[in-house]
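Please find below a colleague's note on the model shown here.

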Amino acid sequence: TSTMGLPACTDARALLDWSRGYFRAHVAPWLPTDRGAAIAEVGCGWGRYLVALAEIGYARCEGIDLSEEQVAYARDTLKLTNVACGDGAAWLSTRRARFDCVLALDVLEHLDTAALLALGHAVREALRPGGRFVVHVPNALAPLNPLRHADLTHVRAFTVDSLQQLFRAVWNRSDGDPQQ
């Protein structure tokens, strides 16, 4: 089960409305302009950003999440049919050169180094030439940022340098070892 499901006191509709606005303002500008682009969301949770993608006209979107309860909510409550339950890296590895864009929004901070590199390599292989990898992570340099420690499952936060290190390890090296 997930530690970040919707608590009983959460107003899911209000959170969905907030998520739509946040997505349009902060994520949508990074998406391909072609509304026919194939987009994957790794760590899609309960599907709020898949809803936002559909509402702004992206029809070829798929999501994957480890949490059975969140995927069930996406399917049962939001009626999403484009959501799967499983490991994002394994799922992407069966979809070589399938996507124009892969989203990992509030996902990378949950992964240890080995899983982070595995996901990075899977994203690289799942992207078509010229594809985009859009990430959203806690900012380790923001001194008052509560997001690093707001979730028990966070294992890291990122700086520009650490994200660049990840991307160099994944896109420039075949073995992904950032130490060499």
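1. In this predicted model, helix α5 (residues 113–126) packs against helix α6 (residues 160–171), with their axes coming within 9 Å and crossing at roughly 60°.

2. By class, seven of the residues in the contact of α5 with α6 are nonpolar, two are polar and one is charged.

3. The strands form an open sheet of five, with parallel pairing and the order β3-β2-β1-β4-β5. Which strands stand at the edges? They are β3 (83–85) and β5 (127–136); each has a single partner strand, so one side of each lacks a neighbour in the sheet. From one strand to the next, the twist averages 20°.

4. Strand β2 (residues 60–65) pairs with β3 in the parallel sense over three bridges. Ile-64 is placed opposite Ala-84 of β3.

5. Across the whole structure, a search finds seven aromatic pairs. One of these joins Trp-18 and Tyr-22, whose rings are 5.0 Å apart centre to centre with 20° between the planes. Planes under 30 degrees apart count as stacked, so this pair is described as stacked. Both residues belong to helix α1 (residues 12–26), where they lie four residues apart, about one turn of the helix.

6. Helix α1 also packs with helix α2 (residues 48–55), at an angle of about 60° and with the axes 9 Å apart. That angle makes α1 oblique to α2. The crossing of α1 and α2 is right-handed.

7. Trp-18 and Tyr-22, the two members of the stacked pair, are also among the α1 residues that meet α2. The contact of α1 with α2 comprises nine nonpolar, one polar and four charged residues.

Note on methods: Residues numbered from 1 in each chain as written. Predicted model: local features only at pLDDT ≥ 70, side-chain atom pairs only at ≥ 80, totals over all residues. Heavy atoms only, no water. Axes fitted to C-alpha atoms, helices over the stretch in contact; angles between N-to-C directions. Helix = DSSP H or I, 4+ residues; strand = E, 2+ residues; numbered from the N terminus. Nonpolar A, V, L, I, M, F, W, Y, C, P; charged D, E, K, R; others polar. Pairing = 2+ DSSP bridges. Phe/Tyr/Trp six-rings, centres within 6.5 Å; stacked < 30°, edge-to-face > 60°. Parallel < 35°, antiparallel > 145°, perpendicular 65-115°, else oblique. Left-handed = near helix turned anticlockwise from the far one by under 90°. Contact = heavy atoms within 4.5 Å.
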